[in-house]
Amino acid sequence: MVQRKYLFPGVIELNLQAAQSFGVNIYLIDGGTEWALIDVGQDDTLDDVIELVRKLDFPLSKCKMLIATHADADHVQALSAARDRLKAKTGAHPKAASALEAGDTTQTYARIAAQNIDMPMPPCKIDVKLNEGDEIKVGKLKLKVWHTPGHTPGQLSFELGNLLFSGDNIYKDGCVGAIDAHHGSHLPSFISSLTRIRAAAAEFLLPSHGPVFRNDPAILQNAIDRLTKYQHMADFGTCTVSWPLEDEWKRDILAGKMPEL
Ligand SMILES: [Zn+2]
């Protein structure tokens with residue numbers, strides 16, 4: 001048996017535990033009599049993940065749920081294989097479930113043709129649809145489900161006491177999860193989700209990439225201010241809500257006004 005390295009009571013982060021990078025954060029929730037994983041990572045690291053869980057002396061038959069924070073392939077490509085091997089239920093928001101069950105390579109970011117990224121995305125049955133306000137009971141622990149769309153429509157966060165598993169909403173350096181129309185990013189929703197996290201009682205944020213950090217309203221506010229500007233910048237293409245320059249240009253064209261130089 002390998003010595004368990006708890007990040008917080010009831011929480012083990014598998015990269016930290018293994019001193020190995022799995023590409024994304026994978027949280028094991030230890031409820032005593034049963035356990036759950038928040039994300040499972042990719043197919044090529046699944047053997048190592050399962051072997052690690054076994055070495056930590058968690059009975060593989062006691063996996064309560066394999067939870068998807070959202071449908072992006074880096075977090076959940078291995079969900080289908082993990083479900084088969086652990087005989088465990090999967091859980092995701094309905095808007096992530098549709099992409100996962102279809103194995104949709106565009107929405108899950110498995111395929112980005114222009115960058116020659118093309119990884120398989122095995123379709124995965126989602127047994128439990130997780131919605132805002134639901135509770136996931138893992139032994140003696142209860143995870144409260146938050147629907148925090150913006151990065152993707154099906155992005156979930158999970159509250160556990162003074163912790164918030166915050167997915168791809170915000171990272172320690174103030175960056176946010178990729179804003180891209182292909183996987184359904186929506187800037188106004190993203191701002192609402194960040195505003196909600198800023199106001200949260202949670203003392204610590206446990207993101208899906210990078211280190212855990214203290215919930216600092218200044219970090220959140222900075223991201224909110226940035227995204228508020230993004231809503232009106234052409235840089236963000238079809239994710240933009242409006243582009244003032246284009247509105248002005250159209251008005252000038254219709255008014256027959258020549259550009260002022
Ligand atoms: Zn993502």
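I counted the secondary structure: the protein chain has eight helices and 14 strands. I noted that the model is a predicted one.

Next I looked up the overall dimensions. Along its principal axes, the C-alpha trace of the protein chain spans about 75 × 40 × 30 Å. I then checked the radius of gyration, which is 20 Å for the protein chain; a compact globule of 261 residues would have one near 18 Å, so the two agree.

I looked up burial as well. Of the 261 residues in the protein chain, 43% count as buried.

Residues 24 or more positions apart account for 61% of them.

Then I turned to the helix pair. How far apart are the axes of helix α6 and helix α7? I found them 9 Å apart, with α6 covering residues 187-198 and α7 covering residues 217-230. The packing angle of α6 and α7 is about 165°. Angles over 145 degrees count as roughly antiparallel, and α6 and α7 are therefore roughly antiparallel to each other. I recorded their crossing as left-handed.

Which residues of α6 and α7 meet? On the α6 side I listed Leu 187, Phe 190, Ile 191, Leu 194, Thr 195, Ile 197 and Arg 198. On the α7 side I listed Pro 217, Leu 220, Gln 221, Ala 223, Ile 224, Leu 227, Thr 228 and Tyr 230. I sorted the residues of this α6 and α7 contact by type: 11 are nonpolar, three are polar and one is charged.

How values were computed
Residues numbered from 1 in each chain as written. Predicted model: local features only at pLDDT ≥ 70, side-chain atom pairs only at ≥ 80, totals over all residues. Helix = DSSP H or I, 4+ residues; strand = E, 2+ residues; numbered from the N terminus. Rg over C-alpha atoms; globule rule 2.2 N^0.38 Å. Buried ≥ 20, exposed ≤ 12 C-beta atoms within 10 Å, placed from the backbone. Contact = placed C-beta atoms within 7 Å. Axes fitted to C-alpha atoms, helices over the stretch in contact; angles between N-to-C directions. Parallel < 35°, antiparallel > 145°, perpendicular 65-115°, else oblique. Left-handed = near helix turned anticlockwise from the far one by under 90°. Nonpolar A, V, L, I, M, F, W, Y, C, P; charged D, E, K, R; others polar.
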